[in-house]
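Hi everyone, thanks for coming.

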Amino acid sequence: MINKLVDKIKKQNAPVVVGLDPMMKFIPEHLKKAAFAEYGETLEGAAEAIWQFNKAIVDNIYDIVPAVKPQVAMYEQFGIEGMKVFQKTVDYCKSKDMVVIGDVKRGDIGSTSEAYAVAHLGKVQVGSKKLSAFNEDFATVNPYLGSDGINPFVKVCKEEKKGIFILVKTSNPSSGEFQDRLIDGRPLYELVGEKVAEWGSECMGDDYSYVGAVVGATYPEMGKTLRKIMPKAYILVPGYGAQGGKAEDLVHFFNEDGLGAIVNSSRGIIAAYTKEQYAKFGEEHFAEASRQAALDMIADINGALHK
Ligand SMILES: O=c1ccn([C@@H]2O[C@H](COP(=O)(O)O)[C@@H](O)[C@H]2O)c(=O)[nH]1
């Protein structure tokens with residue numbers, strides 16, 4: 001799957017992933033009205049509105065953007081109905097040949113991590129059959145339980161040709177509380193980065209490992225250091241746009257080959273129609289505003305890379 005991701009990034013010339021984080025406040029009134037008319041103000045109604053919102057956005061970006069990153073929390077808050085839409089969204093994006101990164105941030109003791117890995121990337125045994133559940137292409141994984149929590153994901157990735165992105169340095173303001181703590185004079189995120197390189201060395205695609213890393217756009221200096229520590233790891237970079245990350249800060253997250261990183265934007269793309277810059281599209285045409293915002297983001301990042 002890492003080879004497919006790299007190929008799509010090259011073909012579309014777009015090192016960009018759109019985050020499908022469908023918060024209700026961003027879903028246009030006409031979609032909510034139609035969904036609530038059919039299902040009432042219920043969890044089913046919310047799920048239907050989310051589905052219509054996601055589908056319209058995906059229909060408008062799949063030819064220009066290689067990957068999507070549905071954030072599971074935004075679906076999970078609506079219980080089973082939300083998770084059904086998560087699944088439907090994953091399946092729909094895959095039918096459009098997009099690479100799907102499930103932002104699920106899992107990781108636990110070995111036996112539990114194994115179940116998480118099976119749920120999101122693998123196949124579950126049911127009697128004599130092996131069946132896929134959520135079936136994303138990649139999942140995000142929390143490394144703070146150590147190798148026990150990571151190994152089951154690596155095993156499933158090998159079997160299924162899937163991939164993971166391990167949290168190394170997150171984009172949020174308080175990420176330094178623990179991640180920057182010095183251990184034997186070195187910040188913890190660097191030590192995690194070294195482990196990612198080690199785990200990933202056994203998991204190579206053609207040029208990059210299918211064990212990647214998450215490093216926030218909001219910490220460009222750390223991104224530069226981590227790029228050197230993990231030369232073969234693809235870096236998933238959240239924090240561009242809504243969290244303040246800028247294209248010019250992201251250049252050192254990439255390798256000399258112009259590859260090695262994929263930058264995420266969620267609110268900046270899916271809620272583009274609420275921004276003054278894209279107001280001319282109007283709420284009815286929210287998905288076209290998202291397409292334009294995605295095109296602008298791609299141009300912004302490529303512009304910084306090819307300066
Ligand atoms: O360090 C991290 C890890 C994950 N995220 C997730 O990415 C998106 C960012 O959304 P924006 O609207 O583009 O800010 C969201 O799903 C986060 O949970 C992150 O931001 N930082």
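This is a predicted model: local features need pLDDT of at least 70, side-chain atom pairs count only at pLDDT 80 or more; totals for chains, interfaces and linings use all residues.

Residues are numbered from 1 along each chain as its sequence is written.

Now, the barrel. Eight strands close into it, in the order S1-S2-S3-S6-S7-S10-S11-S12, with parallel pairing. Helices (H or I, at least four residues) and strands (E, at least two) are DSSP runs numbered from the N terminus, and two strands pair if DSSP finds at least two bridges between them. On average, neighbouring strands of this sheet are turned by 30° against each other, direction ignored.

H5 touches strands S1 (16-20), S2 (67-70) and S3, and its direction makes about 175° with that of S2. Axes here are lines fitted to C-alpha atoms, for helices over the stretch in contact, and angles run from 0 to 180 degrees between N-to-C directions. Contact means that C-beta atoms, placed from the backbone, lie within 7 Å. Helix H12 (residues 286-305) touches S1 and strand S12 (261-265), at about 145° to the direction of S1.

Which of its residues are buried? They are Gly149, Ile150, Pro152, Phe153, Val154, Val156 and Cys157; buried means 20 or more other C-beta atoms within 10 Å of the residue's own, exposed means 12 or fewer, and partly exposed lies in between, with C-beta atoms placed from the backbone. These buried residues pack against H6, strands S6 (138-141), S7 (163-169) and S10 (209-215), and helix H9 (188-201). The axes of H6 (residues 110-120) and H7 (residues 147-160) come within 8 Å and cross at roughly 35°. Among the residues making that contact are Ser113 and Ala117 of H6, and Phe153 and Val156 of H7.

Last stop: Lys96, in the loop between helix H5 (79-95) and strand S3 (99-106). Why does Lys96 count as partly exposed? Because it has 13 C-beta neighbours inside 10 Å. Leaving out residues up to four places away in sequence, Lys96 touches Val58 and Tyr62.

Key
Two residues are in contact if their C-beta atoms, placed from the backbone, lie within 7 Å.
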